[in-house]
Each structure stands twice: as C-alpha cells, then as structure tokens.
Amino acid sequence: MYNVSASEESERMSLYKKTSAVTNIPWYYFAAIDQYERQIHDEIPEGRVTAIQPDPLFWRGVNEPSMFFPDGWGASGNDDAKAEMTNDEDILWSLGNYIKSYGTTKDDIRIALWNYYKRDLTVQTIMNTAQVFKKFQTVSLTDRDFPLPLEANYSYNNTWGDVRGFGGRRIHEGTDIFANYGVPVKSTTYGVVEMKGWNKYGGWRIGIRDIYNIYHYYAHLNGFKDGIKVGDVVKPGDVIGSVGATGYGPPGTSGKFPPHLHYGMYKDNGEHEWSFDPYPYLKKWEKLARKSQ
Ligand SMILES: [Zn+2]
C-alpha cells in the first residue's frame, strides 16, 4: 500500500476526469483500474502519478503496430503526437479508447477488461472498486473500523497459523473474536459484498473485497443484516450481520463451539491469493475506533 498525498490524488482525479470527458467511459473505471494496478506492482514508475503499466505486447507505439489492439491504443493523449507507454495521459487515453472500442455500458467495460486482463477475479475487483468510487465520489477512502462495537464484551488473541481445534489439520487462517450471540458485526473497510451464504466449516459467512485487493472473511455468523446481498457497496462501520456459532455441519448447524467471529484476510496480487495475519490490523483498528469515540 502506498501513502499518497492529497495533491497527488487530485492530480490523478483530474486525469481520470479528463480522459472520461473524451472517451465517455466514467472516471471511476479509470480510477479502479489504477487502484487495482497500484496493488499488484511494487512501485509506481518514476515521474508517474498513475500505477497503470500496460503490457508492452498490447502497446501500439509509434513504429510498432500492435497485434492485439485496435487503432487508438497507444495513441497520444497529450497532443505531442508521440504515444508513450511511460506517460500517464497517453496510457489513460489509450486505455479509454481501447475500452470504448467495446462500448460504454457496464457490460461492455467488463468484456473489455476481461480481454485485457484475462482473469475473472481481476475484472471483478476492478468492477467492484469502480462501484465504491462511484458511490463515494472520491478515491480517498482510508477510514477503517473494528468489526465489533467497542462497548461489547469481547476478547481475542493472536491465533493465526495455529492448528485448529475443529476442522482437521488445516491451519487457522484468521483471528477469532469471542463475543456473545447477536453482537453486531461491522464491515472494517470500504468494499463490495462478494460472497454470502453457508459453508460447511464457516457456517453463515460473508466476504467483502476492499479497494486494496484484500478479501475480508467473516464467519460463524448468527445471521446477516436484513437485505444485505452480493454486490452491495459497504463502508467501515456498516453492520453486515451478528456474532454466532454456526458451522461444522449442514446449513443451520450451530453451537458446536462458543460463539465468536472468525475474521480472515486474503491478499490478491493479480496472480494468486493468500491468507495473512489480521491480528495486527485488528489491534490498529481497535485503537483507531477508540480514538474516534
Ligand atoms: Zn477462526
């Protein structure tokens, strides 16, 4: 994750909006593509403000016709007649024209993205992030929240990687926060509900993908917030369900262990996803929540 200054963010925003004005692709798609690429590359190239790094194979430079992209990809966006893979305006302009060649509806954009990235999770992440940016009309979304109300009676320890008491020899990919049945469970981040339903081990569980390519997994819920569904945009503090003890059996099985929230975090780097320890983040968010009380 990068720490970006407010002036850099406003510079990026004006690039997204400028490109949107000439391509009719809503700005938040450019912002979401940039945000996605910001997570999969180690650093932003010198002198750039966006993190989008086109595959050289796809780039139509001045003297190198592209085998894959229609005319327009690689065209110059900054009026210097030279299309450069290292220039933000040229890249956004080209990307916009490439997407526009498929059309400007949500489905058109989804297909254009799929043909560029060739990966479902990548396309889904970008489409979801676009919805988050659209809803909040900004890319500056840094708030976080602790998943349980601080006034609730709860406790948790660092148990990531432990051998599970339940579920065989799989290692424990998360932190268990013990609390009473029915204590509200809140989203810790901005994001989109990606999954909701029953799983043999997780019981009633919900998964939220945030704008940093991180998947947040909430399991063993007693129930879900009324009406919450896959595709919903959420923000930190939004109630998504309540603490329970569901799982380890057919749908509805409950009470095989003390009620707790199992909270897991998974990072996607554009190629694969892995579990990492949420404990230090929970500690940080708990402290933040206490400060803002
Ligand atoms: Zn657990």
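This is a predicted model: local features need pLDDT of at least 70, side-chain atom pairs count only at pLDDT 80 or more; totals for chains, interfaces and linings use all residues.
Q: How many residues lie between β5 and β6 in their hairpin?
A: A hairpin is read from its two strands and the turn that links them. In this case three residues lie between β5 and β6. Within that turn, N213 has a positive phi of about 60°.

Q: With which other strands does β6 pair, and in what sense?
A: To read a strand's place in a sheet, one lists its partners and the sense of each pairing. Strand β6, residues 214-224, pairs with β8 in the antiparallel sense over three bridges. It also pairs with strand β9, residues 260-268, over six bridges, again in the antiparallel sense. As an example from the pairing with β9, the bridge partner of Y217 is G264. On the side of β8, L221 stands opposite V243.

Q: How many residues of β6 and of β8 are buried?
A: Burial is read residue by residue and then summarised for the strand. In β6, 10 of the 11 residues are buried, so the strand is described as mostly covered. Strand β8, residues 239-243, is mostly covered as well, with four of its five residues buried. For the chain as a whole, 39% of the 293 residues count as buried.

Q: At what angle do α4 and α5 pack, and how far apart are their axes?
A: A helix pair is read from the angle and the distance between the two axes. Helices α4 and α5 pack at an angle of about 140°, with their axes 9 Å apart. Because of that angle, α4 is oblique to α5; angles over 145 degrees would count as roughly antiparallel. The crossing of α4 past α5 is right-handed.

Q: Which residues of α4 and α5 meet?
A: The contact is read by listing the residues on each side and then their classes. From α4 come R110, L113, W114 and Y117, which meet T122, V123, I126 and M127 of α5. By class, the residues of this contact divide into six nonpolar, one polar and one charged.

Q: How do the axes of α2 and α5 cross?
A: The axes of α2 and α5 come within 8 Å and cross at roughly 125°. The hand of the crossing is right-handed. On the α2 side the contact is made by Y28, Y29, A31, A32, I33, Q35 and Y36, and on the α5 side by T122, T125, I126, T129, A130, F133 and K134. The residues of the contact comprise nine nonpolar, four polar and one charged.

Q: Where is N24 found, and what is its phi?
A: Phi is read together with residue type and position in the chain. N24 is found in the loop between α1, residues 6-23, and α2, residues 27-40. N24 is not a glycine, yet its phi is positive, at about 65°.

Q: Why does N24 count as exposed?
A: Exposure is read from the number of neighbouring C-beta atoms. N24 has 11 C-beta neighbours inside 10 Å and therefore counts as exposed, the cut-off for this class being 12 or fewer.

Q: Where does K118 lie, and is it buried or exposed?
A: The reading again joins position, phi and neighbours. K118 lies in the loop between α4, residues 106-117, and α5, residues 120-136. Its phi is near 55°, a positive value in a residue other than glycine. Because it has 9 C-beta neighbours inside 10 Å, K118 counts as exposed.

Q: How many helices and strands are there in the chain?
A: An overall reading begins with the secondary structure elements. The chain has six helices and 10 strands. Of its contacts with a separation of 6 or more, 57% are between residues 24 or more positions apart.

Note on methods: Residues are numbered from 1 along each chain as its sequence is written. A residue is buried if 20 or more other C-beta atoms lie within 10 Å of its own, exposed if 12 or fewer, and partly exposed in between; C-beta atoms are placed from the backbone. Two strands pair if DSSP finds at least two bridges between them. Axes are lines fitted to C-alpha atoms, for helices over the stretch in contact, and angles run from 0 to 180 degrees between N-to-C directions. Angles under 35 degrees count as roughly parallel, over 145 as roughly antiparallel, 65 to 115 as roughly perpendicular and the rest as oblique. A crossing is left-handed if the near helix is turned anticlockwise from the far one by less than a right angle, and right-handed if clockwise. Two residues are in contact if their C-beta atoms, placed from the backbone, lie within 7 Å. Ala, Val, Leu, Ile, Met, Phe, Trp, Tyr, Cys and Pro count as nonpolar, Asp, Glu, Lys and Arg as charged, and the others, Gly among them, as polar.
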